[in-house]
Amino acid sequence: MDLTKLLPILAEGFLVSIKIFALTLLFSIPLGFVVSALKMCKIPPVRWIINAYILIMRGTPLILQIMFIYFAPTMLFKADAPPDRFWAVIVAFSINYAAYFAEIFRGGIQAVPKGQFEAAQILGFNKMQTFFKITLPQVIKTVLPSIGNEVITLVKDTSLAQVIAVSELFALAKKQASTQFSVMPLFVAGVFYFVFNWLVTLLFDLGEKKLSYYK
Amino acid sequence: MAMLEVRNLRKCYDDLEVISDISFDVNEGEVLSVIGPSGSGKSTMLRCINQLERITSGSVCVCGENMITGEKNGEAVYASADVLKKIRRNVGLVFQNFNLFPHFSVLRNITEAPVSVLKISKEQAEAKAMELLGKMGLADKAKSYPCELSGGQQQRVSIARALALSPQMLFFDEPTSALDPELTGEILAVIKELAAEKMTMVIVTHEMAFARDVSDRVIFMDGGVIVEEGVPSELFGNPKNERTKQFLKRYSENTFKGDK
Ligand SMILES: Nc1ncnc2c1ncn2[C@@H]1O[C@H](COP(=O)(O)OP(=O)(O)OP(=O)(O)O)[C@@H](O)[C@H]1O
Ligand SMILES: [Mg+2]
């Protein structure tokens, strides 16, 4: 099979990978903020729960978490049918990445000097104004490089969705490789990931440059 | 009428009593300096009055509004959020290390609070900010970012930021301590100018010569209490209390050493 036939097949898989990527970011970033806020909360039981959640999410393989989300409803909770494969992946990725993002955000929030909050308080800003005008912009600047790292990892992690037979880029490439007895499809898939991550890197570099107007 | 009335102010951190029973007044247009050794509770007192710390007991009255309404189970009970907000608007605080917002330009540092807290129009706020910057000798820095300014310039911006809200009183917590000695003069000059305009101010400072020069009254604090209070000529020239004498003596020795 030549490249002109292979490319459309892989492109279709790549679209699924990008969907996983985009939806995961869409859900995990806000969720990460909520989790980081809860982790800094003053009520101890809330902190314990959040700590356990983060420990499990970061301490076990994502591939296992995907399988759990997909198989647990039928095998553990006696549901009639398994959940939709694609959405099971989105849920697993979102709660997994939220745990990583939460820790990054917490670091970013704690890196904002206490004096910033005191100045905001003295000037009469309310909590919302303080968060959106003072805290968030400074947090974004400090966390951007670490977020960039996670996002690049996420691009590659989307290939884990194949474990529950979601037809994303890597799953399709592997299938093509075995039917054609060729490594070409896998190589092309690699190029897809590489180019996409190159763009992601450029985007984050641009972001960092844009925020370098202050120290 | 006293603009600020502090009565029996006490502040404890757990079991540690940092301020024990402080009372004083500040009248309209008056400049009060607060001096005292490190750890004597000067900052804590300012922070209590500015609602950055919860007071343990006592009362604070700013421009006729009571911050504390009573006491319950040995803890001060605070007035309603509305009253506290009103009090907040009447006082400004200038920090030792400026605490400017690094991601805002100098102009936006000054206009942000008037626009989003006092709901003044952006044009009006900017006009006022430019006027204040002019007064601080920083009109050409409006578009700069704090990291591009010297410490002295940053502190002048932070004073302009406080003044932009037109407070009735201004508090300073060691406004020159984070500055190189050659930069302290420019800040002291600004404060002197404000004093000449009859701005009501409370200044915590280690600059004895300045305190003597600019204040109407001086308080000497030590160990969480007011040890001595008086007009500068009395307190510096003829201190009554033994602890005041010792503190001032140590200071003048250090100053002389510094001069030579
Ligand atoms: N958050 C806190 N928890 C416990 N103790 C505190 C806290 N903040 C201040 N203190 C203690 O309160 C005392 C008074 O501190 P404060 O900062 O008010 O002194 P100061 O007179 O401003 O000193 P300096 O001249 O060094 O600024 C100190 O002994 C300090 O250790
Ligand atoms: Mg202090």
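Predicted model: local features only at pLDDT ≥ 70, side-chain atom pairs only at ≥ 80, totals over all residues.

Colleague: What secondary structure elements make up chain A?

Modeller: Chain A has 8 helices and 0 strands. Read from the N terminus, its elements run α-α-α-α-α-α-α-α. Chain B, for its part, has 9 helices and 12 strands.

Colleague: What are the dimensions of the two chains along their principal axes?

Modeller: The C-alpha atoms of chain A fill a box of roughly 70 × 50 × 25 Å. For chain B, the C-alpha trace spans about 55 × 50 × 35 Å.

Colleague: What makes the radius of gyration of chain B agree with that of a compact globule?

Modeller: A compact globule of 260 residues would have a radius of gyration near 18 Å. Chain B has 19 Å, and therefore the value agrees with the rule.

Colleague: How much of each chain counts as buried?

Modeller: In chain A, buried residues make up 41% of the 215 residues. In chain B, 56% of the 260 residues count as buried.

Colleague: Which residues touch the most other members of the largest nonpolar core?

Modeller: They are B:L4, B:F24, B:M45 and B:F171, in a core of 46 residues. Strand β2 of chain B, residues 16–27, gives the most to this core, with 5 residues. Apart from it lies another core, of 44 residues, among them A:L62, A:V89, A:V112 and A:A173.

Colleague: Why is B:F24 called buried?

Modeller: The relative accessible area of B:F24 is 3%. The term requires a value under 20%, so B:F24 is buried. This residue has its place in strand β2 of chain B. Leaving aside residues up to four places away in sequence, B:F24 touches a set of residues that includes B:L4, B:M45, B:I49 and B:I226. B:E253, by contrast, is 229 residues from B:F24 in sequence and 30 Å from it in space, C-alpha to C-alpha.

Colleague: Is A:T135 buried or exposed, and how do you know?

Modeller: A:T135 has a relative accessible area of 4%. Since anything under 20% is buried, A:T135 is therefore buried. The residue is found in helix α6 of chain A, residues 127–157. Residues up to four places away aside, A:T135 touches A:V112, A:F117 and A:T130.

Colleague: Why is B:C147 called partly exposed?

Modeller: Its relative accessible area is 32%. Buried means under 20% and exposed means over 50%, with partly exposed in between, so B:C147 is partly exposed. B:C147 lies in the loop between α4 (122–135) and α5 (151–163) of chain B. Its contacts, not counting residues up to four places away in sequence, are A:Y213, A:Y214 and A:K215.

Colleague: What makes the phi of A:A165 worth a remark?

Modeller: Most residues other than glycine have a negative phi. The phi of A:A165 is near 60°, a positive value in a residue other than glycine. A:A165 lies in the loop between α6 and α7 (169–180) of chain A, and at 48% relative accessibility it counts as partly exposed.

Colleague: Where is B:N8 found, and what is its phi?

Modeller: B:N8 is found in strand β1 of chain B, residues 2–13, and its phi is near 50°, likewise a positive value in a residue other than glycine. With a relative accessible area of 42%, B:N8 is partly exposed.

Terms used
Residues numbered from 1 in each chain as written. Chains lettered and ligands numbered in written order. Heavy atoms only, no water. Helix = DSSP H or I, 4+ residues; strand = E, 2+ residues; numbered from the N terminus. Rg over C-alpha atoms; globule rule 2.2 N^0.38 Å. Buried < 20%, exposed > 50% of the residue type's maximum accessible area, 1.4 Å probe, protein only. Core = buried A, V, L, I, M, F, W, Y, C linked by side-chain atoms within 4.5 Å. Contact = heavy atoms within 4.5 Å.
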